[in-house]
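Subject: Handover of a structural model

Dear colleague,

Please find below the structure that I am handing over to you. I should be grateful if you would read the notes that follow it.

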Amino acid sequence: HILRLDAAKERTLVEVEEWDEDKIEAFQSDRTYKDYEHRLVNLVKRTSQDATAVDQAMKVFDEMFQAFFVTDDSRLWPDTNIYNLLLQAFCYSRQNDASVVAQDIFNRMKDLNGMSSARPNTETYKILMDVYVQRGNLEKVQEIFEEFPDEPTVELYNKLIQAHGKLGSAERALEIVKGMNAPNTKTWLQVLRAFAVRKDLETVQ
């Protein structure tokens, strides 16, 4: 899978030429933003058990993108929430190239940065970090964290701490916490979990 929205647009415009007004109106009335969102949410829940769910999620995204061009309805433009759901599908996918496609989706979002409705947000970065946590790639997790354009949120720090606790060292996870301004309960739970996995009960206490 490679997300090629420009190619999708070209294909869509060719297909639209063959549609009459009645067909376009039916297309517009049958589909809403919430419909696409609901379908993606359900597919995300299935990705870890159903190998076909990721392909279905891509099809839903392609259909939504096509709907936008067919109807010229701005409400059907895939926004950050839709992109994040698509990223989540690839996060827990068992497909070998899932991280490559997830990165491609993220890069596409950055390319669309001028369009605020599809701009990567904190949740986007957190999901992409989790993509690499799931695949044991601590270097990429750290890289994505450092790419965040603003001051990292506690949610991003927590994901980084989880990654170091799971893939690196519990000591490094603790160092990161000490450098935070306002760690929360989840922050400390991630650190405790990191030491508990190593059976370092003395430090946990």
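Residues are numbered from 1 along each chain as its sequence is written, and side-chain values use heavy atoms, with hydrogens and water left out.

Confidence

Where pLDDT is low, the predicted coordinates should not be read in detail.

Overall fold

The secondary structure of the protein chain consists of 12 helices and zero strands; helices (H or I, at least four residues) and strands (E, at least two) are DSSP runs, numbered from the N terminus. Of the 205 residues in the protein chain, 44% count as buried, where buried means under 20% relative accessible area, exposed over 50% and partly exposed in between, with a 1.4 Å probe and protein chains only. Among contacts between residues at least 6 apart in sequence, 63% join residues at least 24 apart.

H4 is largely enclosed by the rest of the structure, because 14 of its 19 residues are buried. Asp-72, which follows H4, has a positive phi near 60 degrees.

Ala-89 lies in helix H5 and counts as buried at 0% relative accessibility. Its C-alpha atom is separated by 7.7 Å from that of Ala-53, although Ala-89 and Ala-53 are 36 residues apart along the chain. Leaving aside neighbours within four places in sequence, Ala-89 is in contact with Val-44, Thr-47, Val-54 and Ala-57.

Aromatic pairs

The structure holds seven aromatic pairs. Rings of Phe, Tyr and Trp (its six-membered ring) pair if their centres lie within 6.5 Å; planes under 30 degrees apart count as stacked, over 60 as edge-to-face and the rest as tilted. Phe-61 and Tyr-83 form an edge-to-face pair, because their ring centres are 5.2 Å apart and their planes meet at 65 degrees. This pair links distant parts of the chain, with Phe-61 in helix H4 (residues 53–71) and Tyr-83 in helix H5 (residues 80–91), 22 residues apart. Phe-61 counts as buried at 0% relative accessibility, and Tyr-83 is buried with a relative accessible area of 0%.

The pair of Phe-145 and Tyr-157 is edge-to-face, with ring centres 5.1 Å apart and planes at 65 degrees. Phe-145 lies in helix H8 (residues 138–147) and Tyr-157 in helix H9 (residues 154–167), so the pair ties together parts that are 12 residues apart in sequence. Both Phe-145 and Tyr-157 are buried. Elsewhere, ring pairs link Phe-61, Phe-65, Phe-68, Trp-77 and Tyr-83 into a cluster.

Helices H8 and H9

H9 has 14 residues and reaches 20 Å from its first C-alpha to its last, close to the 20 Å expected at 1.5 Å a residue. The buried residues of H9 include Leu-156, Leu-160, Ile-161 and His-164. Their cover includes helix H7 (122–134), H8, helix H10 (170–178) and helix H11 (185–197).

Val-141 lies in helix H8 and is buried, with a relative accessible area of 0%. Val-141 and His-164 are 23 residues apart in sequence and 9.2 Å apart in space, C-alpha to C-alpha. Not counting residues up to four places away in sequence, Val-141 touches Met-129, Tyr-132, Val-133, Leu-160 and Ala-163.

Note on methods
This is a predicted model: local features need pLDDT of at least 70, side-chain atom pairs count only at pLDDT 80 or more; totals for chains, interfaces and linings use all residues. The expected span of a helix is 1.5 Å times one less than its number of residues. Contact means heavy atoms within 4.5 Å.
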